[in-house]
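Colleague: I would like to learn how to read a model like this one. Could we take a single residue to begin with and then widen the view?

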Amino acid sequence: MGFIDTLKKRWNVKSGWQVGVILLVFALTGTTFMYTVKPYVYPLFGITSESSTWIRVLAFFFIGLPCYQVLLLIWGTLLGQFKFFWEFEKRMFRRMIGKK
């Protein structure tokens, strides 16, 4: 079983094409996050590279993660994978709060 087949099974998707689109969404989301949130959103809250490590870690959890989730849904919707990413978000949120 190849890498794409493993992802198809794990993500419960039907085609290798859909796996490719999902991977593209993750790549675009990460790139968008790095080029927008870090240089433009964090400074709005006074967070810079000189801020203490604890401040930057807290900023990531309370500012960065929600921004990433929104970007993930935006890119997923634009590329026709809203349903997959909406379910993905719900699973991830349940794991973060400790619910099964």
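Modeller: This is a predicted model. Start with tryptophan 86, which sits in helix H4, the stretch covering residues 82-97.

Colleague: Is tryptophan 86 buried, partly exposed or exposed, and why?

Modeller: The class follows from relative accessible area: under 20% is buried, over 50% is exposed, and partly exposed lies in between. Tryptophan 86 has a relative accessibility of 39%, so it counts as partly exposed.

Colleague: How far is tryptophan 86 from leucine 72, in sequence and in space?

Modeller: The two are 14 residues apart along the chain, and their C-alpha atoms are 9.1 Å apart.

Colleague: Now the whole chain. How many helices and strands does the protein have?

Modeller: There are 4 helices and 0 strands. Read from the N terminus, the order is α-α-α-α. The C-alpha trace spans about 45 × 30 × 25 Å along its principal axes.

Colleague: What share of the residues is buried, and what does the surface consist of?

Modeller: Of 100 residues, 29% count as buried. The protein exposes about 7300 Å², with 68% of that area supplied by carbon and sulfur atoms.

Colleague: What part of the contacts joins residues 24 or more positions apart?

Modeller: Among contacts with a separation of 6 or more, such pairs make up 47%.

Colleague: And how many positive and negative side chains are there?

Modeller: The protein carries 13 positive and 4 negative side chains. The centres of these two sets are 9 Å apart.

Notes
Residues numbered from 1 in each chain as written. Predicted model: local features only at pLDDT ≥ 70, side-chain atom pairs only at ≥ 80, totals over all residues. Heavy atoms only, no water. Helix = DSSP H or I, 4+ residues; strand = E, 2+ residues; numbered from the N terminus. Buried < 20%, exposed > 50% of the residue type's maximum accessible area, 1.4 Å probe, protein only. Contact = heavy atoms within 4.5 Å. Areas by Shrake-Rupley, 256 points an atom, 1.4 Å probe, with all protein chains shown as cover. Lys, Arg positive; Asp, Glu negative; His and termini not counted. Charge placed at Lys NZ, Arg CZ, Asp CG, Glu CD.
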